[in-house]
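I wanted to get my bearings in a structure I had not opened before.

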Amino acid sequence: ILKPETFKHLVNKREVLVVYDLNIKSLYLNKLNKLIERGGVELRLDLGIKATEKNKSYNSLEKIQDKLLKNRFSRNCLLIGLGGGIIGDLTGFAASTYQRGVDFVLIPTTLLAQVDASVGGKTAINHSMGKNMIGSFHQPKEVLIDTNYLLSLSDREIRSGMVEMIKHGLIYDEKYFEWIEENLSSILSLKEPEISQAIKRSVEIKTEIVSEDEKESGVRALLNLGHTFGHALELIGNYKDYNHGEAVALGILSASKLSQMTENLPKECVERIQSLFEKAGIKTKTLRKIDPEDLYLAMQSDKKKEGKELNLILLEKIGKAKKVKNLSKKNILEAIKDSLFVC
């Protein structure tokens, strides 16, 4: 639970801009502003942006920069992002570029943002030719997590966050994956202490990985399990068919099938992953038929490519992942056909 003392050392005698999702209840914004005011802030302003992939753009970035410049915010200012991953990425990128870099704090209000997007220092905006293609690495001063924000989320948003928690177990911690299987119902219904324990371990896993490899040159790439397929699904679905978690879940299924084909991942592990998604109410088939060739083409815009080669994260077993290069197009297409609803 956020308290006044949480903010005193962050906002005291500083200009503060709160960038918030317009979908956030005014009650939450008002409570946050009161906490900031009690922290001895020099100047506090708000800027609301509707959190959509379309608005994760140069236009929204310019709105933030205009607000900072018109109000003569100094290099000692602080940006606070209140919302999900889109607001966090946008706020962080604005902070990384204003006067060559100022401080920012994230208050993630979605489960997906709490366990994934808010951790690691990745900031970005979208380009018409690809998601998150324009960005930087800029670490937040602090990430403040309050599980009370989750009570306002839809079941669909909770499930989307579950995907990333499951992914963390798949790539790094088999015991955590098993614990999620055993406590799935309690986590989905946001029961304490299970939901806090689930978030804590998920954040720990990502933090451990990121601390080893901040700029994604090595082990951090493992966090991209399912993402190359998933980002391509989002792209060909015009960012309307699936939210991020849903797309990544489908991507993980394709990556699992490919792992079975090329890395000898046991078939029962593939079935176990699909079963957990299904029990969690996460879609395991695409909404409409897709052409595997179209998805493969969309995957070519992936920013993790090295030259012309796709780098995919595959599973050796549950709890252990690896980066694999030089996979044949034939195998990738076959994995897509075997795992998704295709032509």
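**Before starting.** I am working with a predicted model.

**Entry 1, His 244.** I found His 244 in helix H10, which covers residues 244-262. Is His 244 buried or exposed? Its relative accessible area is 16%, and the limit for buried is under 20%, so I put His 244 down as buried.

Next I looked at what surrounds it. Skipping the neighbours within four places in sequence, I listed contacts of His 244 with Leu 112, Lys 131, Ser 160, Glu 164, His 227, His 231 and Glu 234. With Lys 131 there is also a polar contact between the side chains, at 3.4 Å.

**Entry 2, aromatic pairs.** How many aromatic pairs are there? I got two.

Tyr 28 and Tyr 149 make an edge-to-face pair, with 5.0 Å from centre to centre and 65° between the planes. This pair ties together distant parts of the chain, 121 residues apart. I located Tyr 28 in helix H2 (residues 26-38), and Tyr 149 in the loop between strand E7 (142-143) and helix H6 (155-172). Both Tyr 28 and Tyr 149 are buried.

Then I checked Tyr 176 and Trp 179. Their ring centres are 6.3 Å apart and the planes meet at 15°, so I noted this pair as stacked. Tyr 176 and Trp 179 sit three residues apart in helix H7 (residues 174-188), about one turn of the helix.

Tyr 176 comes out buried, at 3% relative accessibility. Trp 179 has a relative accessible area of 22%, so I wrote Trp 179 down as partly exposed.

Key:
Residues numbered from 1 in each chain as written. Predicted model: local features only at pLDDT ≥ 70, side-chain atom pairs only at ≥ 80, totals over all residues. Heavy atoms only, no water. Helix = DSSP H or I, 4+ residues; strand = E, 2+ residues; numbered from the N terminus. Buried < 20%, exposed > 50% of the residue type's maximum accessible area, 1.4 Å probe, protein only. Polar contact = N/O pair within 3.5 Å; in protein donor to acceptor, adjacent residues only side chain to side chain. Contact = heavy atoms within 4.5 Å. Phe/Tyr/Trp six-rings, centres within 6.5 Å; stacked < 30°, edge-to-face > 60°.
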